[in-house]
Amino acid sequence: MRVAGVSRAYASGKDAPVQALAEISLHADADELLAVVGPSGCGKTTLLELICGLQAPDTGTIECRPAALMPQRDLLLPWLSALDNAGLALRIAHVTRARARERTAELFAELGLAGFERARPYELSGGMRQRVAFVRTLLSGKSLLCLDEPFGALDAITRAEMHAWLVEALRREPRTVVLVTHDVEEAVVLADRVAVLSPRPGRVVAEVEVGLERPRSRTDPQVVALREQALTALGQGGVL
Amino acid sequence: MRRLGSVLPPVLLLIALLGVWEAYVQLGSVNRLVLPAPHEVAVALWKNAGLLSLNLAPTAEEVGLGIMLALALGFMLGVLIHLSGALRRAVYPLAVGSQAVPVALIAVLLVFWWGFGVLPKLFVIVLICFFPVVVTTVDGLAAVDPEQLKLLRTLDASRWQAFRFAELPAALPAAISGARIALAVGVIGAYIAETSTATSGPYPGLGREIVADINALQTSRAYAAALVLFVFAIACFYTLALAERRLAPWAHRSRGELR
């Protein structure tokens, strides 16, 4: 995935257009997890929508394989079971219902979701819903996953569980991932590389290579040091 | 205890209302031919049970078929209006206007077309009932989260698939809610239909029966017939509520949730 010199502005009523992204350049190698951190409103969601082809950039180019989006809200369909929600992309790809369930159930078993197949979304906890939403994104068959603050709405304990789960899931099912978050610690715990954005209009102010073994602990001195480094970069970007 | 708790309030209210009614007729100066007492209505109901149930059959058929047709037609119109801006602009004003058409105006034409059978009545009931279904269906379709549709697009869903997986199931409980509103006017719609179009046969329906009884000064029997309509409307309403719960259990469940 390669984003080169991309800008995007929105018209906003009578006011001057709002510049969401300014000349932003990023790349993610195959099976790499790139975290993008930045303050609220720095155009992170816009960036993901550009990568997923939901919007077109004003300037610059985006080269990437087809990408699937996992939004912050799980957006599971209340009338489908967890299994059918996770297998939605297969059904859209005209896989028969039985075959889609079979393939989704395999992945459920592999990722520790066995036993929740028939549950309706409203019967699941927030963490479980995000797991189902992630499996839905995995099963889209796309090699690039765009995760938009997937754990932003979860409590701290559930979020830590989700981090461990995601690391394990990606170990079993490697994908290129662009993870957008405002949580620097989350970025350092999960990512191979962290790109730090400035406030609007977003541009990359620093890139932090993480390169630590997984799974990582939040209290690991190396993780803490990298977190400080990323926070300093955020500060220099004019946030703190 | 919980069952008793849910049955008790409506029963108490009903007894209180009947008590006030009975007292008003017993103590007031109102003529029994103008307003019969509740016990007289009960006696009339008992004596005429056969006649009233034979008249309920055609009315129930009209209302049942009419609501189902209105639900189907209203749902289809709602979907078309949702999918096409041109159709919305073309059809919506006409649909609203159709609600202002006095039935008596077209009743003769309906009989001219379809005779003395059930068809003219069905037409009237559908005309009265389809509109709430259209409105709730259109609103239900419009209430689908745009983020949801965006997500489906990143999963490569076609317009039809987005409709099928996200919009159609969302609109179904909305349409049934519309049908429940429609039902409330549908039973009085059957009365209007029966009294404004001619019917052949000995048992023309409860609406006709009520008019005939009033003209014959059989007021307590007219009230008994109205009571049957009253109970029938309540039964239909809860049947539809049950159907909605069966067809769209998620809508029922998530309503109790904090969002």
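Me: How many helices and how many strands does chain A have?
Reply: Chain A has eight helices and nine strands. A helix is a DSSP run of H or I with at least four residues, a strand is a run of E with at least two, and both are numbered from the N terminus. This is a predicted model, in which local features need pLDDT of at least 70 and side-chain atom pairs count only at pLDDT 80 or more, while totals for chains, interfaces and linings use all residues. Residues are numbered from 1 along each chain as its sequence is written, and chains are lettered from A and ligands numbered from 1 in the order in which they are written.

Me: How does the radius of gyration of chain A stand against that of a compact globule?
Reply: The rule for a globule is 2.2 Å times the number of residues to the power 0.38, with the radius taken over C-alpha atoms. For 240 residues this gives a value near 18 Å, and chain A has 18 Å, so the two agree. Along the principal axes, the C-alpha atoms of chain A fill a box of roughly 50 × 45 × 30 Å. Of the 240 residues, 43% count as buried.

Me: What makes Leu147(A) count as buried?
Reply: The cut-offs apply to other C-beta atoms within 10 Å, placed from the backbone: 20 or more is buried, 12 or fewer is exposed, and in between is partly exposed. Leu147(A) has 26 such neighbours and is therefore buried. Its place is in strand β6 (residues 144–148) of chain A. Not counting residues up to four places away in sequence, Leu147(A) touches Met70(A), Val177(A), Leu179(A) and Val180(A); contact requires C-beta atoms, placed from the backbone, within 7 Å.

Me: Why is Leu111(A) called buried?
Reply: Leu111(A) has 20 other C-beta atoms within 10 Å and so is buried. This residue lies in the loop between α4 and α5 of chain A. Leaving aside neighbours within four places in sequence, Leu111(A) is in contact with Val135(A) and Ala169(A).

Me: Are Asp31(A) and His94(A) buried or exposed, and how do you know?
Reply: Asp31(A) has 12 other C-beta atoms within 10 Å and is therefore exposed. His94(A) has 8 and is exposed too. Asp31(A) is in the loop between β2 (15–27) and β3 (33–37) of chain A, and His94(A) in the loop between α3 (88–92) and α4 (97–110).

Me: What is phi for Asp31(A) and for His94(A)?
Reply: Asp31(A) has a positive phi of about 60° although it is not a glycine. Phi of His94(A) is near 65°, again positive in a residue other than glycine. Most residues other than glycine have a negative phi, and most peptide bonds are trans.

Me: Which residues does a cis peptide bond join?
Reply: The bond is between Arg214(A) and Pro215(A), with omega about -5°. Pro215(A) lies in the loop between β9 (204–209) and α8 (221–236) of chain A.

Me: Why are α5(A) and α6(A) called roughly parallel?
Reply: Angles under 35 degrees count as roughly parallel, over 145 as roughly antiparallel, 65 to 115 as roughly perpendicular, and the rest as oblique. Helix α5 (residues 126–138) and helix α6 (residues 156–172) of chain A pack at about 25°, with axes 10 Å apart. The pair is therefore roughly parallel. The residues of their contact divide into four nonpolar, four polar and two charged. Nonpolar covers Ala, Val, Leu, Ile, Met, Phe, Trp, Tyr, Cys and Pro; Asp, Glu, Lys and Arg are charged; the others, Gly among them, are polar.

Me: What makes α3(B) oblique to α8(B)?
Reply: The axes of helix α3 (residues 49–83) of chain B and α8(B) come within 8 Å and cross at roughly 140°. That angle makes α3(B) oblique to α8(B). Their contact holds 13 nonpolar, six polar and one charged residue. Among the α3(B) residues that take part are Gly66(B), Ala70(B) and Gly74(B), and the α8(B) residues include Ala175(B), Gly178(B) and Ala182(B).

Me: How many residues of chain B are in contact with chain A?
Reply: 18 residues of chain B are in contact with 16 residues of chain A. On the chain B side, α7 (146–154), α8 (159–196) and α11 (249–255) each supply at least two residues. α7(B) gives the most, with six. This side of chain B divides into seven nonpolar, four polar and seven charged residues.

Conventions: Contact = placed C-beta atoms within 7 Å. Axes fitted to C-alpha atoms, helices over the stretch in contact; angles between N-to-C directions.
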